[in-house]
Amino acid sequence: LVSDLQWMAAQWDATGAARSTLLTNEGAGISAMLTGMGSLSYGEQAGERMRLGLMLNDPEEEHDCFSDNTHNSHYYDGLGVQNVYLGEYVRVNGTLISGPSLSDLVAAAEPALDHEMQTKLSTTMRALGRIKSTAEAGFSYDQMLQQGSAAGEALIMGGVNGLVDQTRSIERVVKLLNLNGLEFEGSDSLDNPSAVFE
């Protein structure tokens, strides 16, 4: 694990391969950012990591089925999407790291869309924050997934709905920036629910 993290950090240092690739083709970098944001928001997190487990009422389908840490995974996945859009993150020591962002790019072309995107990201983070704080208070994610748990379903679907809604705005950003051909990962749990039970 440590060597993998060291390798990943080296990819992004001043002479790293990932940084060089990104800076060589700005359009490809922006496309990769938006593809990642849309795929994680929609197919991965809202679909495969949240909605599927709720549909099946199965803790084996939750994100971290072996560690009971799903509430944190959902929260920080959502925060990662928000961080990418805003071009900022807070280090574990509390230091804010920030720079030019997708938000800046969108705001320059269509301020109302940037406002919409930021608002939807914030709405999603509030929903994911409710899942996190509720789990930390003792209502575990396993319990939220249980059949007949109206409170658990409401919490999880709050996150799912926020993620799906923000994906619609990410699609509008893609269109605004003329990045034709980008596709986001889907999920049967969202796109074809009957297939889940086949």
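The secondary structure of the protein consists of 10 helices and two strands, where helices (H or I, at least four residues) and strands (E, at least two) are DSSP runs numbered from the N terminus. This is a predicted model, in which local features need pLDDT of at least 70, side-chain atom pairs count only at pLDDT 80 or more, and totals for chains, interfaces and linings use all residues. Residues are numbered from 1 along each chain as its sequence is written, and side-chain values use heavy atoms, with hydrogens and water left out.

**Overall fold**

- Read from the N terminus, the order of elements is α-α-α-α-β-β-α-α-α-α-α-α.
- The C-alpha trace spans about 50 × 40 × 30 Å along its principal axes.
- Buried residues make up 38% of the 198; buried means under 20% relative accessible area, exposed over 50%, and partly exposed in between, with a 1.4 Å probe and protein chains only.
- Of the contacts between residues at least 6 apart in sequence, 68% join residues at least 24 apart, a contact being heavy atoms within 4.5 Å.
- The protein exposes about 10800 Å², and carbon and sulfur atoms supply 53% of that area; accessible areas come from the Shrake-Rupley method with a 1.4 Å probe, and for residues only the protein chains shown count as cover.

**Largest pocket**

- The largest pocket holds about 1200 Å³ of space.
- It is lined by 27 residues, and those closest to its centre are Trp12, Leu22, Met33, Val84 and Pro100.
- Two or more lining residues come from each of helix H2 (17–24), helix H3 (26–56), helix H4 (70–86), strand E1 (88–90), strand E2 (96–98) and helix H5 (102–109).
- H3 gives the most to this lining, with eight residues.
- By residue class, the lining of the largest pocket has 15 nonpolar, eight polar and four charged residues; Ala, Val, Leu, Ile, Met, Phe, Trp, Tyr, Cys and Pro count as nonpolar, Asp, Glu, Lys and Arg as charged, and the others, Gly among them, as polar.
- A pocket is found on a 1 Å grid over the protein atoms alone: it is an open set of points where a 1.4 Å probe fits, with protein on both sides within 12 Å along at least five of seven lines, and lining residues have an atom within 4 Å of a point.
- Grid points are joined across faces, edges and corners, and a volume is the space filled by probe spheres set on the points.

**Second largest pocket**

- The volume of the second largest pocket is about 160 Å³.
- Its lining is formed by Tyr76, Leu79, Gln82, Asn83, Leu86, Glu88, Tyr89 and Val90.
- H4 and E1 are the elements that give two or more residues to this lining, and H4 supplies the largest share, five residues.
- The lining of the second largest pocket divides into five nonpolar, two polar and one charged residue.

- Glutamine 11 lies in helix H1 (residues 2–11) and is buried, with a relative accessible area of 18%.
- Leaving out residues up to four places away in sequence, glutamine 11 touches Gly16, Ala17, Ala18 and Arg19.
- Glutamine 11 is 10 residues from leucine 1 in sequence and 15 Å from it in space, C-alpha to C-alpha.
- Serine 149 sits in the loop between helix H7 (141–145) and helix H8 (150–176), and it counts as buried at 15% relative accessibility.
- Beyond its neighbours within four places in sequence, serine 149 is in contact with Phe139, Gln143 and Met144.

**Loop residues**

- Most residues other than glycine have a negative phi.
- Asparagine 57, in the loop between H3 and H4, has a positive phi of about 50 degrees although it is not a glycine; asparagine 57 is partly exposed, with a relative accessible area of 28%.
- Asparagine 178 also has a positive phi, of about 55 degrees; it lies in the loop between H8 and helix H9 (188–191) and is exposed, at 59% relative accessible area.
- Glutamate 185 is found in the loop between H8 and H9 and counts as partly exposed at 36% relative accessibility.
- The C-alpha atoms of glutamate 185 and glutamate 44 are separated by 7.0 Å, with the two residues 141 apart along the chain.
- Not counting residues up to four places away in sequence, glutamate 185 touches Ser39, Tyr42, Gly43 and Glu44.
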